[in-house]
Amino acid sequence: MESAERELYSIGEVAERLGLHVRTVRNYVRDGRLKAVRIGKQYRISREDFEALTSRPSTDAPSGDPGGRGHLEVSSIVQVDGVGPDAAHRLSTFVTASAQSPRDAREPLRVQTVYDRERARMKIVILGGAADTAELLHLVDGLLGPDNGMFTTDGGQETHRA
């Protein structure tokens, strides 16, 4: 008898489901952010561990929650097209620093950025509370605006517009 909780995913399958590069998922495993079991030369991730990375079960909510709400976590993937490597580095630094800044949240935001130089594309993965995630997304939206000058080259030509 095989239950859904016992289903196993490969690193590639997890990467595909999250829209991430395989190396990013391997880093999650190496850093302990994603539990995995090594079977032979490959890692396998259980459905339960995959769901723990992307969302928390309601049993994780503290029993003394005065609002009577369960735990809420948002997973967001932002794709930024047409961005050069320097601007991607600046955006990555900005997003990471913003996520680590002190706030009144119970849990910090978790952010991962991936840049694909060949496609001039950047992905930002944000995991955290709804309000904090919305605030960070608002900052990113403002940063990508046409008048901020962040995505201009030395020649003054715009290299990106969200």
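## About the model

The structure is a predicted model: local features need pLDDT of at least 70, side-chain atom pairs count only at pLDDT 80 or more, and totals for chains, interfaces and linings use all residues. Residues are numbered from 1 along each chain as its sequence is written, and side-chain values use heavy atoms, with hydrogens and water left out.

Helices (H or I, at least four residues) and strands (E, at least two) are DSSP runs, numbered from the N terminus.

## The open sheet

Let's begin with the strands. Three of them make an open sheet, in the order S4-S6-S5, and their pairing is antiparallel. Strand S4 (74–81) and strand S5 (110–116) stand at the edges with a single partner strand each, so one side of each has no neighbour in the sheet. On average, neighbouring strands here are turned by 15° against each other, direction ignored; axes are lines fitted to C-alpha atoms, for helices over the stretch in contact, and angles run from 0 to 180 degrees between N-to-C directions.

Two strands count as paired if DSSP finds at least two bridges between them. Strand S6 (residues 121–128) pairs with S4 over eight bridges, and with S5 over seven bridges. You can trace some partners yourself: Val 74 has Gly 128 of S6 as its bridge partner, Ile 77 stands opposite Val 125 in S6, and Arg 110 stands opposite Leu 127 in S6. Six of the eight residues of S6 are buried, so this strand is largely enclosed by the rest of the structure. Buried means under 20% relative accessible area, exposed over 50%, and partly exposed in between (1.4 Å probe, protein chains only).

## The hairpin loop

S5 and S6 form a hairpin with four residues between the strands. Ala 120 is found in this loop, and its phi is near 50°, a positive value in a residue other than glycine. Most residues other than glycine have a negative phi. At 23% relative accessibility, Ala 120 counts as partly exposed.

Next comes helix H5 (residues 130–143). Its 14 residues should span 20 Å at 1.5 Å a residue, and its end C-alpha atoms are 20 Å apart, which agrees; the expected span is 1.5 Å times one less than the number of residues.

In H5, Asp 132, Thr 133, Leu 136, Val 140 and Leu 143 are buried. They cover an arc of only 100° around the axis, which puts them on the same side of H5; the arc is that of the directions from the helix axis to the C-beta atoms. S4, helix H4 (85–100), S5 and S6 are among the elements covering these buried residues. The face turned away from the buried side carries the exposed residues Ala 131, His 138 and Asp 141.

## Two packed helices

Finally, helix H1 (residues 11–18) packs with helix H3 (residues 47–54) at an angle of about 35°, their axes 12 Å apart. Val 14, Arg 17 and Leu 18 of H1 make the contact with Phe 50, Leu 53 and Thr 54 of H3, where contact means heavy atoms within 4.5 Å.
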